[in-house]
Amino acid sequence: MKSDTSFVLGYGDSLRFGNLVCDRYGLFFPESRRANLERGVRQAFAASTCASLDEYYNLLKNNENTFHAERLVNALTVGETHFFRNTPQFDALYNDVLPDIIQRRHYLRSLRIWSAGCASGEEPYSIAMMLRELLPDVDQWSITILATDINTEAIDRARRGVYNEWAFREPRARNLRLRYFRQRGNHYELSPEVRRMVTFDTLNLAGNGYPSYESNTMYMDLIMCCNVMIYFPQDVIQATANRFYEALTDGGWLVIGQAEHSLSIFQRFQTKNFPDTIMYRRQGFTFEPPSEPKPVFTAVQPMLPVTPVQPVSMPIAIPETPKTLRVSEAMDQANNLLEYGHLEEARDLLIKTAGNNPGYAPACALLGQVYADLGDWPNAERWCQQAIQQDNLALEAYYTLALVFSHQGKPDLAVTMMKKVVYIDRRHVLGHFHLADLYHVSSQIPQALKALDNARRLLGDLPPDTLVKNSGGVTVERLQEAILLKQQQWNTLLDS
């Protein structure tokens, strides 16, 4: 790969990566979504030390390299959502579906709900808030709200329960924000009583690990799976619909996205029509003791009416005059844009921010990272070098620059930059891990093994599902697996 050109995926690259992620994760990228595939592959490749796309593809083909696969899946499944998305669906849930479930479960005082493909958590938390509105004695019920997604980075954001203004674009969300959130600067933190109602976990809906007791996906009263199956090929959609049917209790409900309805796919379900929306129900009914009178469900006051909101395609609006923003606010907005995969918008905002705040190294370093994610090595290098000129301890600039030099086929310069990273911060786990890769490329096996051991020790006894800092959603477990595999492989090189 030439160092004087930006990184671009060809049609053949898109085809082979598209086939790989479809076969392994059920993620289908037709021609209309080719740009999304290319964006995700570029971003994940930029975070590796691979010198070529062929090398990166071969890593992914090896099923044991789950470290790289986890990062790629996260880059490909960036989900944008907000609280109480799709007003007609939530009206039907509040006025009809949830009261029906509550009435049928009144004797057991138990509810089981699953948000499948929960992204950053707005959907399951919306359900939790609605239950608190519907049930005055909600804390006396046994309520399970399981929220799953294949994207570990999104799950981590969901667990934190901290959101920006854009998550509250619906009037209903703004009404309930006063009751269930506390403002922290430019963000809003969800109340502990709502957060405790939701359990998050990772799950690949294209796999066959559900319904099962191990994944806690049995006997659900309600399954929410909106705008997920549109990314699956037809056979995976059918298999997913069948698994959802088996995961529901008799009379349980399934809610899907407006663009996902199909009479043939969901023929096992009963179709239920509500104003401006359709829902599905598993046939059959739950047993109720005949000796007692049927309880009458009485809801609290209806939720405040909502008015239509103009749809907007971006998660965060970029101000027309960013120079009026404090630099901290601009950086915060740029990071929010990056979380949702809006690289070009983040780039444009950071260019203005750097121009309005000359000498501010963090803006230049972040801009260098954005250019690297876009596959533009020359501009990534230029902005990282500018950050270092302004601050010779600009760790993130050295880190990005090391990866850029690796992609450009300059392993010696890459080693030099990554050594600066671990010198500035000796606890930088990914710095040691990638330094090991760079030493390995240069056939410095003893040094590579020492760097791996440093990374292993820094992980220590951290919980397996903890995300490694600045890793794009890679978990401690996945990084430990990658370290162990490399140690086993490279030790044989010393013995040979």
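Modeller: The answer below starts with the space and ends with the loops.

This is a predicted model, in which local features need pLDDT of at least 70, side-chain atom pairs count only at pLDDT 80 or more, and totals for chains, interfaces and linings use all residues. Residue numbers run from 1 along each chain as its sequence is written, and side-chain values rest on heavy atoms, with hydrogens and water left out.

Rolling a probe the size of a water molecule over the atoms shows where empty space is left. A cavity is a set of points, on a 1 Å grid over the protein atoms alone, where a 1.4 Å probe fits but cannot get out. The count is one cavity of 30 Å³ or more. The largest cavity has a volume of about 40 Å³ (the space filled by probe spheres set on points joined across faces, edges and corners). Its lining (residues with an atom within 4 Å of a point) consists of A44, A47, S48, Y56, F67, H68, R71 and H434. By class, four lining residues are nonpolar, three polar and one charged; Ala, Val, Leu, Ile, Met, Phe, Trp, Tyr, Cys and Pro count as nonpolar, Asp, Glu, Lys and Arg as charged, and the others, Gly among them, as polar. Helix α4 (residues 66-76) gives the most to this lining, with three residues.

Helices (H or I, at least four residues) and strands (E, at least two) are DSSP runs numbered from the N terminus. Three strands form an open antiparallel sheet in the order β3-β5-β4, with β3 (162-163) and β4 (181-184) as the edge strands, each pairing on one side only. Strands pair if DSSP finds at least two bridges between them. Two bridges join β3 to β5 (residues 187-190), and Y163 has Y188 as its bridge partner in β5. Helix α8 (residues 171-180) lies across β4 and β5, at about 85 degrees to β4 (axes are lines fitted to C-alpha atoms, for helices over the stretch in contact, with angles from 0 to 180 degrees between N-to-C directions; contact means heavy atoms within 4.5 Å).

In the loop between β6 (198-202) and β7 (220-225) lies P211, joined to Y210 by a cis peptide bond with omega about -5 degrees. N216 is also in the loop between β6 and β7, with a positive phi near 60 degrees. It is partly exposed, at 34% relative accessible area (between the limits for buried, under 20%, and exposed, over 50%, with a 1.4 Å probe and protein chains only). S443, in the loop between α17 (429-441) and α18 (445-459), has a positive phi of about 60 degrees and is exposed at 60%.

Definitions and conventions:
On a 1 Å grid over the protein atoms alone, a cavity is a set of points where a 1.4 Å probe fits but cannot get out, and a pocket is an open set with protein on both sides within 12 Å along at least five of seven lines; lining residues have an atom within 4 Å of a point.
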